[in-house]
Every structure is written in C-alpha cells, then in structure tokens.
Amino acid sequence: MGVQSFSRRSFLKFEAAGALAAAGTALPLAGGQLAVPQRKGAFAEPTHELPLAEDCDVIVAGGGPAGISAAVSAARAGAKVRLFEMHGALGGVWTSGLLGCLIDFDKSAIDREIMRRLKALGVLLVRNPRRKEARVANFTYDPECMKVVCEEMCTEAGVDFRLHSMVVAAYRDSSGRNVETVVTESKEGRRAWRAKIFIDCTGDGDLSAQAGCGYDIGGPDGSNDQPASLCAMVFSPHPDRVAPYVVNHPDNFDANGRLRTESPKKRMHAEMVRAGLSPSYSMPTLFMVREGVYVWMMNHVYGLKIDDAAGLARETVRARREVLDGARALTRLGGAWEGFCVLATAEQLGHRAARRVHGRYTLTADDVSSGAVFPDAVTTSNFCVDVHATSAERNKKAAYSSHGVKAKPFQIPLRACMAKDADNLYLAGRCISGDFIPMASYRVTGSAVAMGEAVGRAAAARAGHHSPR
C-alpha cells in the first residue's frame, strides 16, 4: 500500500489543529472526547464510562504462584472467580520469570497437586536426588510444562482467567472500607470489574497500593531492599562435562545426600572469573531441567525500586546483556563450556522484594526466631532467612546471609493476609504483612501457594460459599 497523499485542504486542516493545540484549545480525541486545556507537565484525562462487569464473587489480581492457588481454591469452594494476569501465560515467576526451582513445596494440597501433575509430565526433578528423607520439598521443573499445569488447573476449576490484562486502578465504595471496583487495561481497552472480595496476588502489592492501603518497602534502616535476578534457560551439548557445576546433578552427591566436593555454585563462580567476568551474583546457579537444558540464575539487580518503571526497563536490559555476555565468555573457555548458549531469558525480573502491605497482624523477626504459632495459621514457613546481598559491595563478601537471625519453622496467620485498610481485600504471596526479615523466609513459592490456597478458601467463604464443588 502506497504512502497516502494529502491535499492542500487536508494540510491546512492539520496545521490549524496544531495551532489550536498550542493555544490550549480543546481538541477532538479518539472516541469523540475532547482534551481540556492542560497545565504544563500534566494531562487531565477526560472522564468517560467504562464497560462494567459485576458477575463474580472473587477477583484475583496476579496469576503467579499465589494467584493460581487462590483462584483455584476459591473456585473449588463454589465461588465464581475472575483472575487477571499481565503476561501471556499463567505462573508468574515460575513461567514468565523462568524461576526453575520450587522451594518449601510440600505444605498444602495444591502444592502437592502441582507436584503430581509435573511428575506425570515427567518434568520434575528432586533438588537433592540422593537425600533420603520423608520430606522432600525442593524441586526443579520445566517452565513450559508449568504453564500447561497452571492453565489446566484454572480451566478445570472454572476460573475465568484473562491473560495480557493488568489491574491498573482500584476504587472503594461509599463507606471507604471496601474495594468495590477495579479497572484493567488490555487489548480491548479499559474495563471495570466488581466483586464481593478481592485478593492481591501481584507479588509487588500493586492492587493494595492502587486501593490506597498502607505499606512498607526497603531494607532495615532505610537500606536497599533485596536484589532482583533475571533468570535464563540455557543449553549445553555436553551435559556430562557441565555436571560438576549443576546444583541438582546426582553425581555431585554421595549416598547420604552430602556434596562430594566443592559446591557447584562456587565452581561456577570460579569458572566465570576464569572467563574474565565479575558476576553481580557471587553464587551463580545452574538447575538441571532436562538433560542438557538448565535454568541459570547468575545476576543481581541492586537498588531497584518496586515502582520505578524506568529503572525496571533499564535494569532488565542490563541484566539480559549480562546473561548473554556471561554465556559467551564461558563458551570461549571451551572444554566443558563448548557450545554452551542461552535459549531464552525471562520475560520479567524475579523480585525478592515487594511492598509489604499493612495487615491485621505484622510478622516480625521475633516470630521467626521463636517459631511463632497462631490460632488462625494458614501455613508454616520452613525456609531459612535468605537475604541476598543488598549491594554490589556486600555481594563481594557474601551472596546472602541470615542477618544474624536463626529461623525456626514459624506460622503465618490469616490476619497477616488481610489488608488493614480495606475490609474485603486479602493478600497472598510475598506482599503480605511482615517485616524485612520474615519476608526473607516466606517469600519462596511453596509458601505463596499455601497462602493462596488458604486465602482463596477464606475469600469464597466471605462471599457466601462454604462447600467444595
């Protein structure tokens, strides 16, 4: 199709429109709306009606580990559930984030169901394959198969899930105590949705912030929060040679599950240094997914604020380049790394930080060290306090630490999963109400799933549904 030619009349029409805009006169916009005169540096969006749907009981924002679990459990309890996910697949950090590893993952029915489904597909590998214990909670998996597992579980439960749909605004009712309406943006434009109960499973606490809830962010004493990482899928045509650097390869463990020699992470770091690199994460990790296919976590992104959109773009690009440069540098070493290459990088950074939304109870470091129990417990966090280095300087000394807190298994109460500032807003995942230290334990996805499962049931009950389908 050729370039459209304009007549002199058309040219004058556009020229006049430009002059009116410069003068601050209202101009026609798409859809027949008028732009009003603006003050410099601001745009007053014209008000307009949005299509509104009011036909569900529970709305879940975010289709990651917590969101999948919350939506499925609420739907199985009889509620009509709608789930919104900003990416093109369900699973969040599992899939779009290529996390590759499930931690503390045997504590709820949905945890175990996901494990069974992955095993049935033949894509779940035990993290320490030689350890002999009753409780095996850490696994690696194939992210592409995880997408299918999440989609099938939601479909079978009757969840109405929307991909490429992001919750961008939230509004309260006349009492000011309840979230009444959320707004999404997608290919069909802006739409409004209502429900009785809302669940924030965005990871970062986006829905809660949009609803005006209070939250905390950042590390102790105003320091940086935990860093993010951009994971990647990588390939080696020589899996036998790469085996010494793979954290879940059977050959690295003795019959009792103990490492035979030096940590595979330390070996990987030494190889990267030998290749002339200075890794931003000093414990780079290879997880085997299939023979010759691995998830690689080899970088840290420091000082990135959760709500810094420009920084998110900049640091994602920088981290992706670090992954590619790292793989190429290793390849130049030859030997074990001959043919080593990147298959794909994640669609999103994996955040260890989040808005910590104010809840009806706030978990503390004392709860972690004392092994706190609660009458309204929804799950128990069995993971250690895992604080990754909050700056490049600290990374040179240690990739992560417990900040001096020795964790005992501690319970998470339902009250920590209920927003303090909104009566019908639940939370699940790393954005629940807790201080910096407890979040460093419960942020793993096994806990997120267990929280989501309990919160989904509670939301369905609040909406008037008490019996599983």
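Start by selecting His403: at 37% relative accessibility it counts as partly exposed, because the cut-offs for that label are 20% and 50%. You're looking at a predicted model, by the way. His403 sits in the loop between β22 (400-401) and β23 (410-413). Now check its backbone: phi of His403 is near 55 degrees, a positive value in a residue other than glycine. Most residues other than glycine have a negative phi.

**Zoom out for a moment**

Show the whole protein chain as a cartoon. You'll have 12 helices and 24 strands on screen. Of the 469 residues in the chain, 52% are buried. Take the contacts with a separation of 6 or more: 73% of them come from residues 24 or more positions apart.

**Next stop: Leu98**

Where is Leu98? Select it and you land in the loop between β5 and β6. Leu98 isn't a glycine, yet it has a positive phi of about 50 degrees. Is Leu98 buried or exposed? With a relative accessibility of 8%, Leu98 counts as buried.

You'll find Thr345 in strand β18 (residues 341-345). Show the side chains of Thr345 and Arg320, and you can trace a polar contact of 2.7 Å between them.

Time for aromatics. A pair of aromatic rings is described by the distance of the centres and the angle of the planes. The count for this model comes to 6 aromatic pairs. Select Trp94 and Phe105 to see one: their ring centres are 5.9 Å apart and the planes meet at 65 degrees, so this pair is edge-to-face. Trp94 belongs to the loop between β5 (81-84) and β6 (101-102), while Phe105 belongs to the loop between β6 and α3 (109-120), 11 residues apart. Trp94 is buried, at 0% relative accessibility, and Phe105 is buried with a relative accessible area of 0%.

Then pick Tyr245 and Trp337. Here the ring centres are 4.9 Å apart and the planes are at 40 degrees, so the pair is tilted. Tyr245 is in the loop between α6 (239-242) and α7 (264-274), and Trp337 is in the loop between α8 (309-333) and β18, so the pair ties together parts 92 residues apart in sequence. Tyr245 counts as buried at 14% relative accessibility, and Trp337 is buried at 0%.

One more ring: select Tyr215 together with Arg355. The charged end of Arg355 sits over the ring of Tyr215, 5.4 Å from its centre.

**Last stop: a pocket**

Switch to a surface view. Rolling a probe the size of a water molecule over the atoms shows where empty space is left. Head for the second largest pocket, which has a volume of about 230 Å³. To find it, select its lining: Glu45, Pro46, Thr47, His48, Leu50, Leu52, Tyr171, Thr181, Val183, Arg190, Ala192 and Arg194. Colour β11 (179-186) and β12 (189-194), the elements that give two or more residues to this lining. Which element gives the most to the lining? That's β12, with 3 residues.

Definitions and conventions: Residues are numbered from 1 along each chain as its sequence is written. This is a predicted model: local features need pLDDT of at least 70, side-chain atom pairs count only at pLDDT 80 or more; totals for chains, interfaces and linings use all residues. Side-chain values use heavy atoms; hydrogens and water are left out. Helices (H or I, at least four residues) and strands (E, at least two) are DSSP runs, numbered from the N terminus. A polar contact is a pair of N or O atoms within 3.5 Å; within protein, one must be able to donate a hydrogen and the other to accept it, and residues adjacent in sequence count only if both atoms are side-chain atoms. Rings of Phe, Tyr and Trp (its six-membered ring) pair if their centres lie within 6.5 Å; planes under 30 degrees apart count as stacked, over 60 as edge-to-face and the rest as tilted. Buried means under 20% relative accessible area, exposed over 50%, partly exposed in between (1.4 Å probe, protein chains only). A charge sits over a ring if NZ of Lys or CZ of Arg is within 6 Å of the ring centre and within 35 degrees of the ring normal. On a 1 Å grid over the protein atoms alone, a cavity is a set of points where a 1.4 Å probe fits but cannot get out, and a pocket is an open set with protein on both sides within 12 Å along at least five of seven lines; lining residues have an atom within 4 Å of a point. Grid points are joined across faces, edges and corners, and a volume is the space filled by probe spheres set on the points. Contact means heavy atoms within 4.5 Å.
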